[in-house]
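Good morning, and thank you for joining. I would like to take a few minutes to walk through one structure.

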Amino acid sequence: MTAEVAVRRAGGLPRFVALRLVAGVGVLLAVSAIVFTATELAPGDAATAALGPDSDPASVVAMRTELGLDRPAVVRYLDWLWGAVGGDFGVSYVSHRPVSDVIAERAGNTALLGGLAVVLLVPLAIGLGVWSALRAGRAADRIVSGATLGLVSVPEFVIGTVLVVVFAVQLGVLPAVSFVPPGQQPLDSPEILVLPVVTLLAVCLAHNVRLVRAGVREVSAGDAAENARLNGVPEHRVVLRYVLPSALPPALPIFCRYAGFLLGGALIAETMFGYPGLASALVTASAGRDVPVVQAVALVAAAVTVLLNLLGDVLAVLLDPKRGVTR
């Protein structure tokens, strides 16, 4: 069901947004419950992870009591959920710091990485997609189509590995690891961002270039553009007046959804390059069975995904040329 149909059934855009937000809360509750259950079912806990498999049983019991792991799982989950509603995600089992501080410290780095990828994604996808579509069947179009098809078919970790081999190992022009020294920010050494951003961008860019290309080709072959050509309108004016205004708006909501997809890609990029973001914090916390951090990162990622998908649906309605039917 398209966003336009959903809005009509909901009785208008404001009601649609309200219903989607309520559904989003349900999604967040489900995510928190699933993640907590998965961590509970995994063997071991934070105490055994910290003390090791050969630790003294009495020490393990003492640490479990100290961390509150001796309480029933349902009680621990409900306590965490009640605190999360008020913005308190608890205390890390490993670092003993407030989880909110860990999230705040890492979220900015992830936002920087994802933001750079999005800033590059939109103009590159539109530019390459339009350029390729207007040269359909020519060498330029075949090159762009072949390159994007290849990128779509290759997993991100393979792209990242190739980039490291070429630019870090062979050429030595970029660092293989995105290490941020204590007390510094990623922008203090911008070269460490290049390979993670390119890795994160590659697959999303390929998908969106093909999307824009398909939309531009469809509109360019439509009646409005053909009639304009028959009336002697120059090709550049046909493109600017008839093709782009109709072809690009439907692609913008997809960009919002792919921005959410970048969160999943960040897990690979941050882990591969050792970048200190939310995804790498999630991997570290999972290894240490640091449940409060795992829960918080999963909840933040789910919330961002829900909001980006909602933004995409709202844009799809607002940019619909037949929007009058929803009023």
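I shall begin with the overall fold, then turn to the nonpolar cores, and end with several individual residues.

Please keep in mind that what you see is a predicted model. How many helices and strands does the secondary structure of the protein come to? The count is 14 helices and 0 strands. Read from the N terminus, the elements therefore follow one another as α-α-α-α-α-α-α-α-α-α-α-α-α-α.

As for overall dimensions, the C-alpha atoms fill a box of roughly 90 × 60 × 30 Å along the principal axes. The protein has 327 residues, of which 40% count as buried. Its accessible surface comes to about 17,000 Å², and carbon and sulfur atoms account for 67% of that surface. There are 23 positive and 23 negative charges, and their mean positions lie 16 Å apart. Turning to contacts between residues at least 6 apart in sequence, 72% of them join residues at least 24 apart.

Next, the annotation. The unreviewed UniProt entry assigns "transmembrane region" to residues 17-38, 111-134, 146-172, 192-209, 255-276 and 296-319. Let us compare two of these stretches with the model. Residues 17-38 are 100% helix and 0% strand in the model, with end C-alpha atoms 31 Å apart. Over residues 192-209, the chain is 89% helix and 0% strand, and the end C-alpha atoms are separated by 26 Å.

The largest nonpolar core holds 33 residues. Which of these residues touch the most other members? They are Leu 121, Leu 200, Val 212 and Val 216. The elements giving two or more residues to this core are helix H6 (99-133), helix H9 (194-220), helix H10 (223-230), helix H11 (235-247) and helix H12 (251-273). Of these, H9 gives the most, with 8 residues.

With neighbours within four places in sequence left aside, Val 212 is in contact with Ala 125, Ile 126, Gly 129, Val 130, Leu 248, Ala 251 and Phe 255. There is also a second, separate core of 14 residues, including Leu 278, Val 297, Ala 298 and Leu 299.

Is Asn 208 buried or exposed? Asn 208 counts as buried because its relative accessibility is 0%, and the cut-off for buried is under 20%. Beyond its neighbours within four places in sequence, Asn 208 is in contact with Leu 121, Ala 125, Ile 254, Phe 255 and Tyr 258.

Leu 201 also has its place in helix H9. Leu 201 is buried because its relative accessible area is 8%. Not counting residues up to four places away in sequence, Leu 201 touches Ala 117, Leu 120, Leu 121 and Leu 124. Leu 201 and Leu 116 are 85 residues apart in sequence, yet their C-alpha atoms are 9.1 Å apart in space.

Apart from neighbours within four places in sequence, Ser 100 is in contact with Gly 87, Asp 88 and Phe 89. The C-alpha atoms of Ser 100 and Gly 260, 160 residues apart along the chain, are separated by 22 Å.

Two loop residues deserve a word on backbone geometry. His 96 has its place in the loop between helix H5 (73-85) and H6. Its phi is near 60 degrees, a positive value in a residue other than glycine. His 96 is partly exposed, with a relative accessible area of 49%.

Where is Arg 289 placed? Arg 289 is in the loop between H13 and helix H14 (291-318). Phi of Arg 289 is near 55 degrees, again a positive value in a residue other than glycine. In contrast to His 96, which is partly exposed, Arg 289 counts as buried, at 13% relative accessibility.

H13 spans residues 278-287, and its buried residues are Leu 278, Ala 279, Ser 280, Ala 281 and Ala 285. Among them, Leu 278 is also included in the second core.

Thank you for your attention; I shall be glad to take questions.

Conventions: Residues are numbered from 1 along each chain as its sequence is written. This is a predicted model: local features need pLDDT of at least 70, side-chain atom pairs count only at pLDDT 80 or more; totals for chains, interfaces and linings use all residues. Side-chain values use heavy atoms; hydrogens and water are left out. UniProt positions are given in the numbering used here, feature names are shortened, and annotations may be inferred rather than shown by experiment. Helices (H or I, at least four residues) and strands (E, at least two) are DSSP runs, numbered from the N terminus. A nonpolar core is a set of buried Ala, Val, Leu, Ile, Met, Phe, Trp, Tyr and Cys residues joined through side-chain atoms within 4.5 Å. Buried means under 20% relative accessible area, exposed over 50%, partly exposed in between (1.4 Å probe, protein chains only). Contact means heavy atoms within 4.5 Å. Accessible areas come from the Shrake-Rupley method with a 1.4 Å probe; for residues, only the protein chains shown count as cover. Lys and Arg count as positive and Asp and Glu as negative; His and the chain ends are not counted. The place of a charge is taken as NZ of Lys, CZ of Arg, CG of Asp or CD of Glu.
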